[in-house]
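Subject: Handover of a structure

Dear colleague,

Please find the structure below. A short account of the findings follows it.

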2 protein chains.
Amino acid sequence: MKAPIAPKQKEINICGWQAVSTLFARHPTEVRRLFFDAPTGKRAGEMCRLLAQNRKVYRQVEPAELEKIAGTVHHGGIVAVIGERPLKKVTREVLAGWAKDRAPLLLLDRVSNANNVGAIVRTAAFFGVKAVIVADHPQQALPGEAAHRVAEGGMEFVEFYRVPALPEFCAELKRTHFLLGTSLSGNQLSPAQVKERGLPRPPAIILGNEEKGIAPALAAQCDRLLKIPGADTVESLNVSAAAAVLCWEFVGKR
Amino acid sequence: MKAPIAPKQKEINICGWQAVSTLFARHPTEVRRLFFDAPTGKRAGEMCRLLAQNRKVYRQVEPAELEKIAGTVHHGGIVAVIGERPLKKVTREVLAGWAKDRAPLLLLDRVSNANNVGAIVRTAAFFGVKAVIVADHPQQALPGEAAHRVAEGGMEFVEFYRVPALPEFCAELKRTHFLLGTSLSGNQLSPAQVKERGLPRPPAIILGNEEKGIAPALAAQCDRLLKIPGADTVESLNVSAAAAVLCWEFVGKR
């Protein structure tokens with residue numbers, strides 16, 4: 001009888017100088033292969049030395065080949081190949097760790113545009129959010145190549161977790177975190193008013209789908225729904241702009 | 001002798017439901033022609049009626065043709081053609097009007113990515129900024145098709161002005177506005193600290209190039225340089241995330 005063949009781990013391309021250099025700074029051993037064009041190669045000496053030490057492939061290629069390897073024109077002159085990072089499970093221990101560290105969290109409810117996920121992760125990383133939680137939902141964009149590129153290195157500072165469903169997860173998370181959701185309907189408090197009233201527990205900020213916002217069952221679990229007040233012009237902020245305002249207000253200023 | 005032929009005004013395509021429907025709500029007479037695919041056409045009845053009244057062309061087309069008309073796959077099912085909007089000049093009267101209205105302003109110093117310009121305009125419009133000022137500089141992205149699409153209607157609420165050079169313009173603007181620039185270097189105040197010290201005049205927020213930030217000659221004109229404090233992870237916020245934080249802090253909450 002033949003031994004079962006282990007399925008090959010899927011690989012993803014990390015593109016762009018900022019994303020690749022941060023990857024090398026934070027998780028250098030994850031890099032399996034590195035490709036770059038001539039101008040970018042001039043800055044990549046240190047990366048190449050490290051790969052050479054570990055007997056891994058690095059290579060300068062023509063622009064056309066780099067585009068083919070990257071699968072996109074938006075490669076920024078450099079592409080690092082890593083194994084796809086599986087989304088983590090939220091165990092009892094993980095929950096206990098977040099509670100102990102009073103870790104601010106970010107939950108995404110079907111944010112469907114990968115560029116938005118990348119932009120949100122860059123902002124979340126900047127302000128010190130360490131974990132992003134998403135649900136098993138076909139509309140949710142996952143941290144793939146586009147999101148990594150737009151995050152400009154932010155992906156190396158946050159960990160992605162996946163839960164079966166956000167409402168059930170939030171019923172649990174509420175014990176240790178204060179759940180802040182956004183809503184465009186109703187007469188909600190502004191972020192400033194929410195802050196004035198105080199947060200009894202560390203914040204978990206919940207961002208919803210670009211069109212539909214947060215699902216009603218999830219909104220029902222929130223400790224507080226809030227609305228960013230605007231000037232009655234465009235209907236809403238982009239979700240990544242809302243993330244910037246809320247991370248600044250509830251994570252960054254603490 | 002022939003009469004001189006007037007140069008034909010350049011046209012631009014406004015793409016996507018949000019951008020087009022806001023265009024019709026705010027500046028309907030600007031629309032010269034309208035194209036849409038079958039599913040989007042179902043929602044476009046009111047727009048078509050208006051165009052019919054004014055003897056203008058509207059037409060449902062096949063997806064391939066719509067992509068050709070739009071010049072992009074990102075047309076969102078609908079394309080309105082308008083004449084290009086010239087950037088306005090800042091006259092004495094304009095300056096006096098801003099001073100009288102205490103209008104918050106946004107200045108862009110070589111923000112080079114059109115998607116960033118669009119995202120910034122959406123956020124600025126949301127918070128009630130009425131004017132965006134850019135300089136005559138080849139690196140500055142102008143409000144073209146990509147920026148309109150990403151702004152999702154925000155372009156219909158802000159006016160774009162062009163000045164020969166920002167430092168000279170700021171020397172003038174300082175008399176009526178408090179110039180807030182961002183800086184990654186030095187030991188700058190945070191936005192919250194700037195606010196605590198008070199703004200003696202309405203704010204003019206200055207955002208810089210994605211790589212280089214604000215030019216030194218422009219930074220020298222600022223009444224206050226500030227730095228959004230982060231968690232020592234990624235180097236900086238994306239310029240549109242910084243715009244969201246600063247517009248929220250200095251325009252939105254007033």
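How many residue pairs are in polar contact between chain A and chain B? The count is ten residue pairs, both residues being at pLDDT 80 or more; a polar contact is a pair of N or O atoms within 3.5 Å, in which, within protein, one must be able to donate a hydrogen and the other to accept it, and residues adjacent in sequence count only if both atoms are side-chain atoms. Salt bridges between chain A and chain B number zero, the term denoting a side-chain nitrogen of Lys or Arg within 4 Å of a carboxyl oxygen of Asp or Glu.

This is a predicted model, in which local features need pLDDT of at least 70 and side-chain atom pairs count only at pLDDT 80 or more, while totals for chains, interfaces and linings use all residues. Residues are numbered from 1 along each chain as its sequence is written, chains are lettered from A and ligands numbered from 1 in the order in which they are written, and side-chain values use heavy atoms, with hydrogens and water left out.

Chain A and chain B each bring 28 residues to the contact (heavy atoms within 4.5 Å). Together they bury about 2500 Å², of which 68% is on carbon and sulfur atoms; buried area is the accessible area (1.4 Å probe) that two parts lose on being put together, summed over both. Phe126(A), Val234(A) and Trp248(A) supply 29% of the area that chain A buries against chain B, more than any other three residues.

Of the interface residues of chain A, 100% are also interface residues in chain B, so the copies meet through the same surface.
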